[in-house]
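Please read the following report with the sequence and the structure side by side.

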Amino acid sequence: NAVQAQVIGGQGDGPVVDAGGDITVKAHNKTDLKNLTGVGVALAAGGYAATGGGLEITLDVANDIDATVDLNDRDKQVEARTGLLTVRATEDVDMKSDIANIAIAAAPIGLALGAAVMNSRHSSNVAARIADGVFNIGEADLISSSDLDIKGVDSTGVSVGMVAAVINVSR
């Protein structure tokens, strides 16, 4: 996702922004990847049985959030002499998921192999900027933040057989 809130300099003379009070430029993104569940089942039966199965889920969040005031010229102005200029870029990311894999070899001689892999990745760019211009303001508040909450990332694997192996990875 790309989210932008911008005040960009224009053509002509005089202030680009002239306000009697506060000026606020906000870019915000909310990403919810919740209650994602994956289940894999593999079953084999007989005198000799072999089975295997695997399941992988990857949650990948790579947002680009940008809040900018860039007048592109040192002769351009923002006028809010008694006001507050707030430039804020924020994101909230919530991830929660479960994965389960079951491999069963129901036989006197059975081989069951299973794997359950859960990946969670976050690589967002979050930026708040004030650039190129004259800022006649009372106060400035420049905020850039990313709140990441990963919870309940679980992997479960079950293998049943004369010879059984299971691999579970959560990251």
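Contact here means heavy atoms within 4.5 Å. This is a predicted model, in which local features need pLDDT of at least 70 and side-chain atom pairs count only at pLDDT 80 or more, while totals for chains, interfaces and linings use all residues. Residues are numbered from 1 along each chain as its sequence is written, and side-chain values use heavy atoms, with hydrogens and water left out.

Asn-63 lies in the loop between β4 (48-61) and β5 (64-70), where helices (H or I, at least four residues) and strands (E, at least two) are DSSP runs numbered from the N terminus. Once neighbours within four places in sequence are left aside, the contacts of Asn-63 are Asn-1, Asn-29, Thr-31, Glu-91, Val-93, Ser-124 and Asn-125. With Glu-91 there is also a side-chain to side-chain polar contact at 2.9 Å; such a contact is a pair of N or O atoms within 3.5 Å, and within protein one must be able to donate a hydrogen and the other to accept it, residues adjacent in sequence counting only if both atoms are side-chain atoms.

Ala-67, by comparison, sits in strand β5. The table gives the relative accessible area of both residues; buried means under 20%, exposed over 50%, and partly exposed in between (1.4 Å probe, protein chains only).

| Residue | Relative accessible area | Class |
|---|---|---|
| Asn-63 | 4% | buried |
| Ala-67 | 0% | buried |

**An open sheet**

Three strands form an open sheet in the order β4-β7-β11, with parallel pairing; two strands pair if DSSP finds at least two bridges between them. Its edge strands, each pairing on one side only, are β4 and β11 (163-170). Between β4 and β7 (residues 109-122) the parallel pairing runs over 14 bridges, and Tyr-48 has Ile-109 in β7 as its bridge partner.

**The nonpolar cores**

A nonpolar core is a set of buried Ala, Val, Leu, Ile, Met, Phe, Trp, Tyr and Cys residues joined through side-chain atoms within 4.5 Å. The largest has 16 residues, and Ile-23, Val-25, Ala-67, Val-69, Val-78 and Val-87 are those with the most contacts inside it. Two or more residues come from each of β1 (2-8), β3 (23-45), β5 and β6 (77-106), and β6 gives the most, with five. A second, separate core has nine residues, including Met-95, Ala-116, Met-118 and Val-153.

Beyond four places in sequence, the contacts of Ala-67 include Ala-5, Val-25 and Val-87, whereas those of Val-25 include Ala-5, Ala-67, Val-69 and Val-87.
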